[in-house]
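Work through the exercises below with the structure open. Each task is followed by a stepwise solution.

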Amino acid sequence: MHILKRELRYSYIPSPIGDLLVAGDADSLHLISFPTGSKTIRHADHWQQDDGGFKEVAKQLDAYFAGDLTEFDLPLTLDGTDFQNQIWRNLATIPYGQTASYGEMAKKAGRPKASRAVGAANGANPLPIVLPCHRVIGSTGALTGFGGGMEAKKFLLKLEGALPDSPAQPSLFQ
């Protein structure tokens, strides 16, 4: 079922990259959406606002943005295809502060020629940051598309130390 058709609770959580929409049910988190970018989602009219129901999500996001949390521990609901769910679960195995290429992710999924399918699954990731699709880059080290916008991707990679913020530092990303 498409996420916007579900009966979910939602809140907006302030962050250094803008207010993040978080949505879920009583058991798990289903969605995080950036305030800008090509994949931005707003809450559906039939969702119930619940600013008190996402305290643990807010706590962990705050700790992440403060540099104090490198791995999330939240109950999640993944509602993609089997391939998408596999790719999304594999995103959580990319260590904080590191990156992986689409090709590496395809190999990890047992489909070494499926780099583009990995890119499409990444683009459909409903839980960015928690399932860190921002850590997936091109095979040459180039930053590639990101549903939250390239500035958000750069910010997250810099926050994690995977993208130097000083132009004096040698980097594949320059």
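**Exercise 1. Pair the strands around E2.**
Take Ser11 and find the residue opposite it in E2. Then work out how E2 pairs with its neighbours E1 and E3.

Solution. 
- Step 1. Ser11 stands opposite Val22 in E2. The model is a predicted one.
- Step 2. E1 (residues 9-13) and E2 (residues 20-24) pair in the antiparallel sense, over five bridges.
- Step 3. Check another pair. Arg9 has Gly24 as its bridge partner in E2.
- Step 4. Turn to E3 (residues 29-33). E2 and E3 run antiparallel and are joined by four bridges. Leu21 stands opposite Ser33 in E3. Four residues lie between the two strands of this hairpin.

**Exercise 2. Find the partner of E1 in E4.**
In which sense do E1 and E4 run, and how many bridges join them?

Solution. 
- Step 1. Locate E4 at residues 48-49.
- Step 2. Count the bridges: two join E1 to E4.
- Step 3. Read the direction: the strands run parallel.
- Step 4. Confirm with a residue pair: Tyr10 stands opposite Gln49 in E4.

**Exercise 3. Judge burial in E1 and E2.**
Which residues of E2 point one way, and which the other? How many residues of E1 are buried?

Solution. 
- Step 1. Recall the rule: side chains of a regular strand alternate between the two sheet faces.
- Step 2. Sort E2. Leu20, Val22 and Gly24 point one way, Leu21 and Ala23 the other.
- Step 3. Apply the cut-off: buried means under 20% relative accessible area. Five of the five residues of E2 are buried, so defined.
- Step 4. Compare E1. Four of its five residues are buried, so E1 is largely enclosed by the rest of the structure.

**Exercise 4. Describe the packing of H2 on H4.**
At what angle do the axes of H2 and H4 cross? Which residues meet?

Solution. 
- Step 1. Two values describe a packed helix pair: the angle between the axes and their distance.
- Step 2. The axes of H2 (residues 82-91) and H4 (residues 115-123) come within 9 Å and cross at roughly 80 degrees. H2 is therefore roughly perpendicular to H4.
- Step 3. List the contact. Phe83, Gln84, Ile87, Trp88 and Leu91 in H2 meet Ala117, Val118, Ala121 and Asn122 in H4.
- Step 4. Classify these residues: seven are nonpolar, two polar and none charged.
- Step 5. Widen the view. Among the buried residues of H2 are Asn85 and Asn90. The buried residues of H2 pack against H3 (102-108), H4 and strand E6 (136-137).

Definitions and conventions
Residues numbered from 1 in each chain as written. Predicted model: local features only at pLDDT ≥ 70, side-chain atom pairs only at ≥ 80, totals over all residues. Heavy atoms only, no water. Axes fitted to C-alpha atoms, helices over the stretch in contact; angles between N-to-C directions. Parallel < 35°, antiparallel > 145°, perpendicular 65-115°, else oblique. Contact = heavy atoms within 4.5 Å. Nonpolar A, V, L, I, M, F, W, Y, C, P; charged D, E, K, R; others polar. Buried < 20%, exposed > 50% of the residue type's maximum accessible area, 1.4 Å probe, protein only. Pairing = 2+ DSSP bridges.
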